[in-house]
Amino acid sequence: MEFNDPLTGLETIEPLVRSVEETPEPISTEVQGTIPSWINGKLLRNGPGKFEFGNTHYNHWFDGMAMLHQFKIANGQVTYMSRFLNSDAYKNNSEKDRIVMSEFGTLAMADPCKNIFQRFLSRFEMMAPTDNASVSFVKYKGDYFVSTETNFMHKVNPNNLETLEKVDWSKFIAVNGATAHPHYDSDGTTYNMGNSYGSKGAQYNIISVPPEKTDAKDTLQGAKILCSIAPRNKSHPSYYHSFAMSENYVVFIEQPIKMDLLKIVTCKLRGKALSDGIYWDPKQDTVFHLVDKQSGEVGLKYHTKAISTFHQINAFEEDGFLMLDMCCSEDGQAINNYLIQNLRKSGDALDEVYNTMSRVFPRRFVLPLHVNGESPSDQNLNTRPFSAATCVQISKDKVFCQHEDLHGDDLLEYGGLEFPQINYRRCNTRPYRYFYGCGFRHLVGDSLLKMDLKDKTLKVWYQKGFFPSEPAFVPSPDAVEEDDGLILSVVLCPSQDKGAFLLVLDAKNFEELARAYVPVNMAYGFHGTFEASA
């Protein structure tokens, strides 16, 4: 499906990627409308909030210093606070008043106080991984951490956003990082993925972290590698931002966004940022690897054409098939499009950036779980009625899959969908009907969408000039239906000073219930979570 005509006249969003001040003490918001009295808890959000130090500035959106946000909701009222993550990157940059820690798209320049010879030698040092954990809030053993994709996370206090402890994955298991999108089993076990780089070359590792602490100071103690998967090319492993999980399987999606390890290792020497080593190879298939959560065994490989994915929606098993629902693009260049200079463009230049980007749409792949050498090689193994997805066994250990769309043509009008969310506690790893996300008729989300899988229809919240971020679904305490609850989203307005608000929608009919106006400026963030109060 192709997107309709190119868009023109896009509004500038430069204020959404501008440095903002922190608000370390809770401040009141002005509530318009009525927030249901039953919702009681904290919406925690993470994202970049500072894009320069002194006269040095970051090049990529992902590089900005992590800013943590808290919206505390109680008795129909909302307070807001924010703090910069007190990471080593933030502290060192602040102390020197210049960027001294390299980030994904920004190479820190050598210390001007060193002599020429020292600066020359410093180019041969390995780039230190950043601890600027600006992507999401995650939970291990009941504690909150903020995470990016390196080996460092920070434990934080969700009540006051205080940075408590820097935690290094590599001190517990042999991985060089982990995603900021773990999955949680009903028994409390947390699953994640991380790469390792050793004498055998790169490996993808499936990780599990036990649900319980053995003592109060526990962080990742007891973490173990469930299994390791070798990349097709060990010096060019795939980049991945997340993975999928069903009841019995972890699903790793090996996509043709590749990391050139030689380029990455030598980026400092070559005077290039780490992002220079990441590229899209459309000639390669995307491969789904299914890993048994109990045994760690890797089963059959399922292939599809070259697609890229950042976020999965859900995965579940039914009737001998695994349904894998995810947000997909035909192109893997997106990560390189989010340069600060692109986000800050206006007029025709901004339109051009948007119109040359590939759209992201929700799709379903149907993976047959009980394929053996006897399976016929020339017919569609997907016997599920009303499903347009196909899967054909083309060799003893290879099945080729084609997706079905999880949307109608009306989604084209909203530019596709990203930042998908479900009623996670109730529906993760199970059959489900609804998911929520942002529509993208701009470089960032400019609408909120509710998708109904039953008839592939959608509901929309859209107001011109407003830019909502990832929706959070909060179930009502007496919920019967899957969509009984609220949708929370932080909405920014670049044309208004201090125009941000927390939006509260009825998840069922998608009608607006309330706004809580924040009297400070905010930057556009990435991910978050809602923590209900006890």
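**Entry 1: charges.** I counted 53 positive and 67 negative side chains in the protein. Lys and Arg count as positive, Asp and Glu as negative; His and the chain ends are not counted. The centres of the two sets lie 5 Å apart. I placed each charge at NZ of Lys, CZ of Arg, CG of Asp or CD of Glu.

**Entry 2: ground rules.** I am working on a predicted model, where local features need pLDDT of at least 70, side-chain atom pairs count only at pLDDT 80 or more, and totals for chains, interfaces and linings use all residues. Residues are numbered from 1 along each chain as its sequence is written, and side-chain values use heavy atoms, with hydrogens and water left out.

**Entry 3: overall build.** I found eight helices and 37 strands. These are DSSP runs numbered from the N terminus: helices are H or I with at least four residues, strands are E with at least two. The radius of gyration is 23 Å, close to the 24 Å from the globule rule for 534 residues, so the protein is as compact as a globular protein of that length. The radius is taken over C-alpha atoms, and the rule is 2.2 Å times the number of residues to the power 0.38. I also noted the box that the C-alpha atoms fill along the principal axes: roughly 70 × 60 × 55 Å.

**Entry 4: inside.** Buried residues make up 57% of the 534 residues. Buried means under 20% relative accessible area, exposed over 50%, partly exposed in between (1.4 Å probe, protein chains only). The largest nonpolar core has 58 residues. Such a core is a set of buried Ala, Val, Leu, Ile, Met, Phe, Trp, Tyr and Cys residues joined through side-chain atoms within 4.5 Å. W461 is among the residues with the most contacts inside this core. Strand β34 (residues 485-492) gives the most to the core, with six residues. Apart from it lies another core, of 22 residues, including L300 and C401.

**Entry 5: two loop residues.** Is S275 buried or exposed? S275 is buried, with a relative accessible area of 15%. Its loop runs between α4 (267-270) and β19 (278-280). Leaving aside neighbours within four places in sequence, S275 is in contact (heavy atoms within 4.5 Å) with F104, G105 and N336.

I then looked up K283, in the loop between β19 and β20 (286-292). K283 is exposed, with a relative accessible area of 75%. The C-alpha atoms of K283 and T163 are separated by 44 Å. Along the chain these two are 120 residues apart.
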